[in-house]
Each structure stands twice: as structure tokens, then as C-alpha cells.
Amino acid sequence: MKLSEIKKHLNQLDTIAFELPNGSLVPSHFHVTEVGRVSKHFIDCGGTVRKEEVANFQLWQANDYDHRLHPEKLVNIIALSEKVLGLEDLDIEVEYQGETIGKYGLDFNGKNFLLTSKLTDCLAKDACGIPEPKEKTAVKLSELQNAACAPGSGCC
């Protein structure tokens, strides 16, 4: 999700809720303690120099049960961050404390913002000798039932 998308959703909400990948909700007394720009300049395992940049939101919860972040307040925080930090319409990455700091993507289901799992990946599979996954061919089971299972027929 990009900054423009979260602002559009926030302008249509009365409350904010973040849902973790396991379906549980971040406690409603969370704070957004940081909105920032995170730049990553790196070399992948194939030797290609790369740059990535995201808008980063850090969610935090404390024992402040009376605190509730309202949508208009978060829109104002984002607007200030765009102005002061010069944030463009970047993809959002969310940090949230579990057993360690987790990094999540962000989506929206019409009610809650969804913290989506992020995965590591090899960005230079060809240089590392990692084969591309083979495409799977769809087969109708009804056609297989009528096929003769002879050597070389491909049914077994």
C-alpha cells in the first residue's frame, strides 16, 4: 500500500485497527511512534547494486489504555512527514514489536489495515544457479480417469 492509499482509507474511517497475519488485532491503544523514510542501498548476491526506499510506520503499544489514535490525527502525521521529510508516494512498511521487531507490508480489507507477511528472496537467482519454478499444467481429473495407464502415457 502506498501513502496516498492509506490517506484515502483513513479519510473514510472513524477508527483505526491493524490486524496481524494471524488474525489478531494490534491493541486499540497503540501509538504510531514514527513515520519515516527508510533507504536501503545494497548489493545482491549476484553483484547488482540496488536501492529501495519505503515509508516506514512504527506501531507501539504501552500501558496507556486511554490513548486512541484517530484517523484524522494519523493523516496529519503523514502530511507533516511528507512535508518535512519530502516523502513521495512510497510503499509503506510497518514495524511492530512481537518476539522481536517484525516488518510487514500493508493492505486494507475495507475495515482493518492488514499487516501482511514479508519474505526474503534471492534477487539474483540466475547468477546463483537457482532454477525458475516450472509452470504447472492444469489437468482435468475426468480426462485422467479415461486415459489408459500404459508405460509412457504420462498418467503415472
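Biologist: Is His31 buried or exposed?

Modeller: This is a predicted model, in which local features need pLDDT of at least 70, side-chain atom pairs count only at pLDDT 80 or more, and totals for chains, interfaces and linings use all residues. Residues are numbered from 1 along each chain as its sequence is written, and side-chain values use heavy atoms, with hydrogens and water left out. Buried means under 20% relative accessible area, exposed over 50%, and partly exposed in between (1.4 Å probe, protein chains only). His31 has 17% relative accessibility, so His31 counts as buried.

Biologist: Which strand holds His31, and which residues does His31 touch beyond four places away in sequence?

Modeller: Helices (H or I, at least four residues) and strands (E, at least two) are DSSP runs, numbered from the N terminus. His31 lies in strand β2, residues 31-43. A contact means heavy atoms within 4.5 Å. Leaving out residues up to four places away in sequence, His31 touches Gln58, Leu59, Trp60, Asp64 and His67.

Biologist: In what order do the elements of the protein run from the N terminus on?

Modeller: The secondary structure comes to 4 helices and 6 strands. From the N terminus on, the order is α-β-β-β-α-β-β-β-α-α.

Biologist: What share of contacts between residues at least 6 apart in sequence joins residues at least 24 apart?

Modeller: The protein has 156 residues, and buried residues make up 31% of them. Among contacts between residues at least 6 apart in sequence, the share joining residues at least 24 apart is 65%.

Biologist: Which residues form one aromatic cluster with Phe18 and Phe30?

Modeller: The cluster takes in Phe18 and Phe30.

Biologist: Which residue lies over the face of Phe42?

Modeller: Phe42 lies in strand β2 and counts as buried at 16% relative accessibility. A charge sits over a ring if NZ of Lys or CZ of Arg is within 6 Å of the ring centre and within 35 degrees of the ring normal. At 4.7 Å from the ring centre of Phe42 lies Lys40.

Biologist: How far apart in space are Phe42 and Glu52, C-alpha to C-alpha?

Modeller: Phe42 touches Thr48, Val49, Arg50, Glu52 and Leu123, not counting residues up to four places away in sequence. Phe42 and Glu52 are 10 residues apart in sequence, and their C-alpha to C-alpha distance is 8.6 Å.

Biologist: With which residue does Glu53 form a salt bridge?

Modeller: A salt bridge is a side-chain nitrogen of Lys or Arg within 4 Å of a carboxyl oxygen of Asp or Glu. The whole structure has 8 salt bridges. With the closest N and O atoms 2.8 Å apart, Glu53 has as its partner Arg37.

Biologist: How many residues apart are Lys103 and Glu93 in sequence?

Modeller: Lys103 forms a salt bridge with Glu93, with the closest N and O atoms 4.0 Å apart. Lys103 lies in strand β5 (residues 101-108) and Glu93 in strand β4 (residues 92-97), so the parts tied together are apart by 10 residues.

Biologist: Is Asp121 buried or exposed?

Modeller: Asp121 forms a salt bridge with Lys125, the closest N and O atoms being 2.6 Å apart. Lys125 counts as partly exposed at 22% relative accessibility. At 54% relative accessibility, Asp121 counts as exposed.

Methods
Rings of Phe, Tyr and Trp (its six-membered ring) pair if their centres lie within 6.5 Å; planes under 30 degrees apart count as stacked, over 60 as edge-to-face and the rest as tilted.
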